[in-house]
Each structure stands twice: as C-alpha cells, then as structure tokens.
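Hi,

Here is the structure I said I would pass on.

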Amino acid sequence: LTTGLESAWNKLKGEEVLTKENIVEPMRDIRRALLEADVSLPVVRRFVQDVSEQAVGVGVIRGVRPDQQLVKIVSDELVKLMGGEVSQLTFAKSGPTVILLAGLQGVGKTTVSAKLALYLKKQASPGKSCMLIAGDVYRPAAIDQLVILGKQVDVPVYAVGTDIKPAEIARQGLQEAKKKNVDVVIMDTAGRLQIDKTMMEELKDVKRTLNPTEVLLVVDAMTGQEAAALVTTFNVEIGITGAILTKLDGDSRGGAALSVKEVSGKPIKLVGRGERMEDLEPFYPDRMAGRILGMGDVLSFVEKAQEVMRQEDAEDLQKKIMSAKFDFNDFLKQTRAVARMGSMSRVLGMIPGMGKVTPAQIREAEKSLLIMEAMIEVMTPEEREKPELLAESPARRKRVAQESGKTEQQVSQLVAQLFQMRVRMKNLLGVMEGGSVPALSN
Ligand code: GDP
Ligand code: MG
C-alpha cells in the first residue's frame with residue numbers, strides 16, 4: 001500500500017497547484033491502494049470522489065507543496081470517514097450498564113469480553129465492577145475459556161451450562177448482576193462461521209431480554225471486502241451501537257475500519273492489539289488513517305514537535321529569524337530540540353515522503369550533531385549571539401577549534417551553516433529580501 005501511495009505523491013512533484021487533470025493519476029493510485037487495503041468498493045468510490053472535489057478547490061497555499069496538500073486532504077477525509085473523534089462507551093444512567101458482544105466465530109469475542117472487563121476495572125476513578133456472562137452454548141470449551149479468562153482478570157463469570165437457551169442465561173445473569181450491584185455486565189455470545197438465521201434469531205432474543213446499553217459488533221481486522229456486508233447485516237438485523245476491531249497487531253492494513261462507520265453510521269469504539277488481556281485500547285481514527293496510508297504517524301510527529309518547541313519559543317524564534325538575529329544559542333536550541341524528539345531515525349521515519357533512511361545516514365547525522373554541540377559549547381556568550389564575530393575573525397575560529405578539539409575547517413563550516421540556515425529560514429517564512437551568506441574572511 002505504501003508504495004502505491006508514495007507513487008501517488010511522487011506524481012505531483014514539480015506541480016504548482018492541484019488541478020482536475022494532475023490529480024487523475026494520483027487519485028487512481030489512491031483508489032487502488034485503498035482497494036488493496038480491503039476497503040469496500042462503494043466506500044472507495046465515494047471517498048475518491050469527495051477527495052477529488054476538495055483537492056481541486058484548495059488553490060495554492062504558500063510553502064505547502066501540492067503533494068503535501070493531497071496527503072493532508074486524504075488523511076483528513078480518512079479520519080472523518082472513521083468518525084473523526086475517539087468514541088466513548090456509553091454507560092447506563094441507572095442500574096447496570098449492559099454490553100452485548102456479537103460477531104462471527106473466531107473474531108475474538110470471548111477474549112474481548114475479559115479484556116473489556118479489565119479495561120473498565122482499571123479505568124481511572126471510579127473503576128467499574130464487572131460481571132461476565134457466558135452465552136456461547138454451542139461450545140462447552142467456550143464457557144471454560146471465559147471462566148479461565150475471568151479468573152485471569154479477576155472478574156466473576158456467570159456460567160450455567162450449555163443445555164439452556166442463551167436468552168434465559170442472559171435473564172438469569174442480569175438478575176444476578178442487579179442483586180450484586182455490578183456496574184457493568186458483559187455478555188459473550190456464540191458466533192458462526194457465516195451469518196445464519198438461527199444465530200440472528202438467538203441474538204435478537206438475547207437483546208430483547210437484556211435491553212443492552214451497548215451492542216458491540218466484534219470484527220476481525222483481517223476481514224476483507226466482506227466487512228461492509230457483515231456490518232450492514234448485523235446492524236440491520238440486531239441494531240448495533242458500535243464495533244470493536246480485533247487483531248490489529250497482525251499485518252492487515254485495516255481497511256475494514258473504513259467500512260464500519262460508512263455503512264452503519266456507528267463508530268469503532270475499541271481495538272484489540274494482541275492476545276494479552278491488556279491489549280485493548282480506544283480507537284483513534286487519526287492513527288488508523290496513518291496506518292492505512294502507510295505513511296507513519298504524522299499526527300504524533302506534529303504533537304511531538306509542538307511539545308518540544310512550545311508556542312512561545314516558536315514565536316520568539318520567528319521574530320529572531322525575521323530580524324536576522326538567529327544565533328548560535330538558537331541553533332543549539334534547535335538541534336537539541338531535534339535530538340530530544342527521539343532518535344533521528346524515528347523522526348525521519350515519521351515524515352511522509354522521507355522514504356527509507358539507512359542506519360549509516362542516521363549515525364552520520366547524529367555524529368555531526370555532537371560535533372556541532374562541542375564547537376558551540378566553547379564559544380563565548382558574545383560569539384554565540386553575534387556569529388559575525390566568528391565570520392570576521394580567523395583567530396576566534398582557531399580558538400574554538402582548539403578548545404573543542406575540532407579542525408578550523410569544521411568551525412568554518414559550522415559558521416557558514418548558521419548563515420545558510422538564516423537565509424533558508426527567512427525564505428521559508430516568505431520574507432522577500434533574503435539575507436546573504438557572508439564570505440568568511442581569512
Ligand atoms: P471468539 O470465537 O469470537 O470468541 O474468538 P476468541 O475470543 O476465542 O479468539 C479467537 C482467537 O483469536 C484466540 O486464539 C485469541 O487469542 C485470538 N485473538 C483475539 N483477539 C486478538 C487480538 O487482538 N490479537 C491477536 N493476535 N489475537 C487475538
Ligand atoms: Mg467465543
């Protein structure tokens with residue numbers, strides 16, 4: 001998928017603005033990439049049309065390349081398609097909250113039952129008291145499985161056996177939960193390999209009995225194109241309030257995630273990311289968009305960058321650049337900020353379009369960062385604030401070289417680099433009169 005989208009962005013290199021003509025090919029790649037990620041065809045069609053319309057209308061944004069614009073639009077639309085925000089679970093205003101889990105066999109319902117109980121129990125105050133109801137009467141092993149998982153997470157399991165109708169188990173279980181003042185009741189149910197009438201009828205009976213607060217459809221992230229039909233059927237037949245996407249730790253690209261909201265109007269609320277009981281998390285549409293696009297977690301990159309360089313710092317820096325006062329102190333702050341953002345490799349990996357960076361290149365970048373720091377550290381405060389002093393005086397450069405154990409050539413390079421950075425940053429900010437790089441006097 002990544003390759004498909006990368007070629008989509010690459011086709012826009014050198015273009016000035018997104019037009020009806022030049023997005024045709026990239027949009028074809030995006031369409032193919034989404035289909036390869038198992039997003040269902042009607043969803044893809046609608047998506048491509050929406051994005052194309054928007055892209056042609058955006059016009060030129062200074063400093064933003066058209067391929068970056070298209071990445072942004074595609075990513076925003078994906079996030080929107082998946083519901084935009086994190087969707088919380090709903091809790092009953094009074095009495096126990098009842099959560100009914102449904103889904104095909106093997107998707108992870110029984111596992112999710114116990115994971116969800118642990119998740120709710122561990123949540124910040126007040127953690128909820130939970131009870132599990134074993135409702136899979138077709139496989140005795142399924143009841144044992146839930147009992148074992150219940151023990152693992154230390155949550156009681158209501159299990160009565162297999163010779164009794166699921167709706168009756170539900171009725172008794174709920175009664176028990178009310179008696180014990182349990183906050184949340186989670187009912188596990190049986191699944192079939194395919195949707196069948198008996199299963200649906202049974203589920204309807206269970207739902208009628210429980211009057212659940214949440215009916216969550218458990219969907220395996222590996223489900224391909226069928227996800228749309230599956231979600232539609234369960235939603236029409238039973239009525240769901242949301243979905244849980246499991247096995248996201250696998251190598252599926254998660255295209256099923258895109259279909260859920262689009263065909264049912266109901267959000268994915270949680271995701272399963274492994275076989276351990278702790279592996280259940282809220283569903284973050286933006287992270288999922290990143291995964292589907294295969295272009296790294298752009299959002300967390302932006303957040304990290306913001307965290308590192310707080311707003312005031314950024315404004316202060318901007319003023320300095322505008323007045324060409326960007327000095328070695330700022331230079332140091334900048335390079336250290338980059339270092340703090342985690343290893344270079346991680347940062348570079350998060351930037352879309354960076355492609356593969358070799359470990360050798362990363363080591364090289366980290367090494368030159370250390371060299372720069374060593375030289376700046378031995379500069380006098382005056383020299384740091386007025387890089388011109390170093391540009392004008394070979395003697396000063398020589399001293400810096402000696403004290404930092406670097407060569408004079410390295411010091412000259414650093415000084416030149418600072419002035420080049422001033423120019424680049426000024427251009428970046430769109431200031432018309434660019435600064436100039438002084439020739440170093442000898
Ligand atoms: P059910 O038939 O829907 O109740 O499915 P189960 O809960 O019995 O799960 C079927 C298999 O999938 C089990 O081996 C689980 O350990 C595994 N499984 C469930 N959720 C996940 C997940 O998020 N990641 C991984 N890797 N495996 C999972
Ligand atoms: Mg099961």
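Helix 5 gives the most to the shell around ligand 1, with three residues. Bear in mind that this is a predicted model, ligand surroundings included. In total, 17 residues surround ligand 1, and the closest are Gly 108, Lys 109, Thr 110, Thr 111 and Gly 272. If you sort that shell by class, you get 10 polar residues, six charged ones and one nonpolar.

One of those closest residues, Gly 272, falls in a stretch that has a database label. UniProt lists residues 267–280 as "domain: SRP54-type proteins GTP-binding", and the entry is unreviewed. In the model, that span is 43% strand and 0% helix, and its end C-alpha atoms are 16 Å apart.

Now for the inside of the protein. The largest nonpolar core has 94 residues. Those with the most contacts inside this core are Ala 117, Leu 132, Val 185, Ile 186, Val 219, Ala 243 and Leu 245. Helix 5 (residues 109–122) turns up again here: with seven residues, helix 5 gives the most to this core. There is also a second, separate core of 13 residues, with Met 372, Met 379, Val 411 and Val 415 among them.

Leaving aside residues up to four places away in sequence, Val 219 touches Gly 103, Val 107, Ala 227, Leu 230, Ala 243, Leu 245, Ala 256 and Val 260.

Which residues of helix 9 (residues 227–237) are buried? They are Ala 227, Ala 228, Leu 230, Val 231 and Phe 234. Looking down the axis of helix 9, you find these buried residues within an arc of 165°, so they line one face of the helix.

Finally, some overall numbers. The protein chain has 442 residues, of which 39% are buried, and its secondary structure comes to 20 helices and eight strands. Taking contacts with a separation of 6 or more, 73% are between residues 24 or more positions apart.

Cheers

Definitions and conventions. Residues are numbered from 1 along each chain as its sequence is written. Chains are lettered from A and ligands numbered from 1 in the order in which they are written. This is a predicted model: local features need pLDDT of at least 70, side-chain atom pairs count only at pLDDT 80 or more; totals for chains, interfaces and linings use all residues. A nonpolar core is a set of buried Ala, Val, Leu, Ile, Met, Phe, Trp, Tyr and Cys residues joined through C-beta atoms within 7 Å. A residue is buried if 20 or more other C-beta atoms lie within 10 Å of its own, exposed if 12 or fewer, and partly exposed in between; C-beta atoms are placed from the backbone. Helices (H or I, at least four residues) and strands (E, at least two) are DSSP runs, numbered from the N terminus. Two residues are in contact if their C-beta atoms, placed from the backbone, lie within 7 Å. The arc is that of the directions from the helix axis to the C-beta atoms. UniProt positions are given in the numbering used here, feature names are shortened, and annotations may be inferred rather than shown by experiment. A residue is near a molecule or strand if its C-beta atom, placed from the backbone, lies within 6 Å of it. Ala, Val, Leu, Ile, Met, Phe, Trp, Tyr, Cys and Pro count as nonpolar, Asp, Glu, Lys and Arg as charged, and the others, Gly among them, as polar.
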